[in-house]
Amino acid sequence: MDFLNAIVALSNFVLIPALAYGSQLALGALGVTLIYGILRFSNFAHGDTMAFGTMVVVLVTWAMQAAGISFGPLPTALLALPFGIAGAAAMVLLTDRAVYRFYRAQKAKPVILVIVSMGVMFIYNGVTRFIIGPEDQRFADGERFIIGAREFKEMTGLDEGLAIKSTQAITLVTAVVVVALLFWFLNRTRTGKSMRAYSDNEDLALLSGINPERVVLVTWLLVAALATVAGTLYGLDKSFKPFTYFQLLLPIFASAIVGGLGSPVGAIAGGFVIAFSEVGITYAWKKVLVYMMPGALEPDGLVQLLSTEYKFAVSFMILLIVLLFRPTGLFRGKSV
């Protein structure tokens, strides 16, 4: 029985939260790896693109809630998601036309585009904060839990309760659907194959008649959709705060680089590696160990390697290790 309690505690505080967080990081890292693989630069504005798209979702959600529109037990934000994607798409396409297109025409080096994207990042962040403010904003509604801890205890008779939030389940299901659609698009459609060809060899793709402007357009649309979905899922699971999305840039880039920058499969794998590392290293393991160990060997302390305030430091350490020993990542993406 104690072993079952340990499994429930592990699932409640490590496995399920890490799966949800990993799904959010994977979607964010997919956007980063698409830009790097196709447009050939590291987009430091990606975190604030997520924030901007999510901000639009939050504002539309509030408007729907004020108008009495709901989605039953599901969050109303899912209805507002297309508006957020449209808003983020308009913003990134406007930015591409006003900023990035000039540097592409000049065939600027990737490092210049990286610096330019940092400037775009600060502009996005300022616009988002100006519109919605810097504070935490909650916009989740509908049913909060699929199963609550007390209900689980009554059902199983265990001492430890398992609580599964509806936002965690929605995150996992949405991530699976979005990733499946993305891979279908890239591998089955003519436009997706053109994007892959452009990524593999730009000169040969141009000689084959592929329209580079169309490839750029579709890439930004996909990135806007991935960023908004990832940001909305994260905001539903936690809360929306613009600065938090700026901080998420580190674990998202770490996910993309660990998996292999430029590799979509690597981005997904890297997202879960980073998520499980962050959650596992910052979790206090005392509760799990108390269930699994004899009373005489029960730990006195929290058995916590790092405080939760340092969870982004975990991403940084993993990123450094990968850059030092395997810069192409787990799935051998393009060298960083």
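Colleague: Why does Glu202 count as partly exposed?

Modeller: The relative accessibility of Glu202 is 26%, and partly exposed is the class between buried, under 20% relative accessible area, and exposed, over 50%, with a 1.4 Å probe and protein chains only, so Glu202 counts as partly exposed. This is a predicted model, in which local features need pLDDT of at least 70 and side-chain atom pairs count only at pLDDT 80 or more, while totals for chains, interfaces and linings use all residues. Residues are numbered from 1 along each chain as its sequence is written, and side-chain values use heavy atoms, with hydrogens and water left out.

Colleague: What makes the contact of Glu202 and Arg40 a salt bridge?

Modeller: Their side chains meet at 3.7 Å, N to O, and a salt bridge is a side-chain nitrogen of Lys or Arg within 4 Å of a carboxyl oxygen of Asp or Glu, so the pair qualifies. The pair links distant parts of the chain, 162 residues apart, with Glu202 in helix H8 and Arg40 in the loop between H1 and helix H2 (46-66); helices (H or I, at least four residues) and strands (E, at least two) are DSSP runs, numbered from the N terminus. Arg40 is also partly exposed, with a relative accessible area of 26%.

Colleague: Which residue forms a salt bridge with Lys238, and is that partner buried or exposed?

Modeller: The partner of Lys238 is Asp237, with the closest N and O atoms 3.1 Å apart. Asp237 has a relative accessible area of 9% and is therefore buried, whereas Lys238, at 31%, counts as partly exposed. Lys165 joins Asp237 and Lys238 in a network of salt bridges.

Colleague: Why is the pair of Phe13 and Tyr283 called stacked?

Modeller: The ring centres of Phe13 and Tyr283 are 6.0 Å apart and the planes stand at 15°, while rings of Phe, Tyr and Trp (its six-membered ring) pair if their centres lie within 6.5 Å, with planes under 30 degrees apart counted as stacked, over 60 as edge-to-face and the rest as tilted, so the pair is stacked. Phe13 lies in helix H1 (residues 2-39) and Tyr283 in the loop between helix H12 (264-282) and helix H13 (286-292), 270 residues apart.

Colleague: What makes the pair of Tyr283 and Trp285 edge-to-face?

Modeller: The two rings are 5.2 Å apart centre to centre, with 75° between the planes, and that angle is over 60 degrees, so the pair is edge-to-face. Tyr283 is buried, with a relative accessible area of 11%, whereas Trp285 is partly exposed, at 25%.
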